[in-house]
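Trainee: I would like to learn how to read charged pairs in a model. Can we work through an example?

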Amino acid sequence: MIKRRQWPSRTQQYLRRHVSVAQSNLTNVNSGSSNPGRYTASKYTRRADHTPQTAQPESETYVLALNTDEAHHKAITALRNQYFPARLNKLSAHVALFRALPGSELPTIQNAIGGLIDQYHPFHISTGKAFLLARGVALEAHVKPAQDIFRTLKAQWSQFLSEQDQSFRAHYTIQDKARSKRIAEKTLEEVQGNFAGSTGMVTGLSLYLYVARYWKLRYIYHFPEEREQRDLPAMEKTGDETWPALPNSKAGT
C-alpha cells in the first residue's frame, strides 16, 4: 500500500513562514560580526517582509490585536509564560491582526478603526489544536469575525502593509525560539496532554506601539455593548508602561 504524504495545513504553512525570525537576519551587536551567536531579544532585526511599505523608514510601528475578556487572556498568558523562553518573552498572549502598521499613518489607522468598531458586538473566541512551529508551539484560535475585521481594514491599508500583514491566520504563539526542535516537540506533547483549552469573548481591539523589542499598549477600542456595560469610551488611551517582567520559563533550558 502506498502511503499518502501528510501535507501541513494552511495555518501551519503560514506560521512557519511568518512567525520565526531567521537567524541570518541577526547581527552580533557587540562585535559587528555576522555570526549571530545566541539569539536574544536585543538582537532582533525585522525582516524586509515584516516592514511596512512606506516611503521613509518608520521609527515607530503599531500592532493591532484582539482585546479579550480578562479570564481568557490570563489563561492563555499563563500557558505562554510557562513555555516561552524567558529571555525573549516581553509580552502577554495575543492574537495579532496586523504586526507592522506604520507610525506615519497613525491618523489614518485610528480613523479606520474608529469607523469599524461600532459595527461589532462582542464575539466568541476559543482555542483549537496545538501544533509545531520551527522551534515552538502555537494554538489555533477559532474566531471567525476577526477574519471580517482583517479583510475590511486590509482593504483600506493595503498601500502601506508589510508582506507579512497581507494575510492573517488567528493563533496564539505559546513558544518560539526554543533552543532545539526537541524542546518544542516536548512542549507540544505537554500542551496536548494537559491544556484543556480556553474560551472567551473578544470585547474590542488593542493598538500597541512597537519600539525595538518592546510593546506598549496605547489604545483600546471597545465594542458598543462593552462600552455601555462598563461605562467606557469608544477609544481608551492607556498609559505608557511596558509589559511587566514575566516569570522564568523552562523552555529555554
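**Salt bridges**

Mentor: Glu185 and Arg182 meet through their side chains in a salt bridge, 3.6 Å from N to O. This is a predicted model, where local features need pLDDT of at least 70 and side-chain atom pairs count only at pLDDT 80 or more, while totals for chains, interfaces and linings use all residues. Residues are numbered from 1 along each chain as its sequence is written, and side-chain values use heavy atoms, with hydrogens and water left out.

Trainee: What is a salt bridge?

Mentor: Side chains of opposite charge can pair when their charged atoms come close. The criterion here is a side-chain nitrogen of Lys or Arg within 4 Å of a carboxyl oxygen of Asp or Glu.

Trainee: Where do Glu185 and Arg182 lie?

Mentor: Both are in helix α5, three residues apart, about one turn of the helix. Salt bridges with shared partners join Arg182, Glu185 and Glu189 into one network. Helices are DSSP runs (H or I, at least four residues), as are strands (E, at least two), numbered from the N terminus.

Trainee: How many salt bridges does the structure hold?

Mentor: It holds eight. One of them pairs Asp118 with Arg227 at 2.9 Å, N to O. Asp118 is in the loop between α3 (106-117) and β3, and Arg227 is in helix α6 (residues 224-230), 109 residues apart.

Trainee: Is Arg227 buried or exposed?

Mentor: Buried means under 20% relative accessible area, exposed over 50%, and partly exposed in between (1.4 Å probe, protein chains only). Arg227 has 16%, so it is buried, whereas Asp118, at 48%, is partly exposed.
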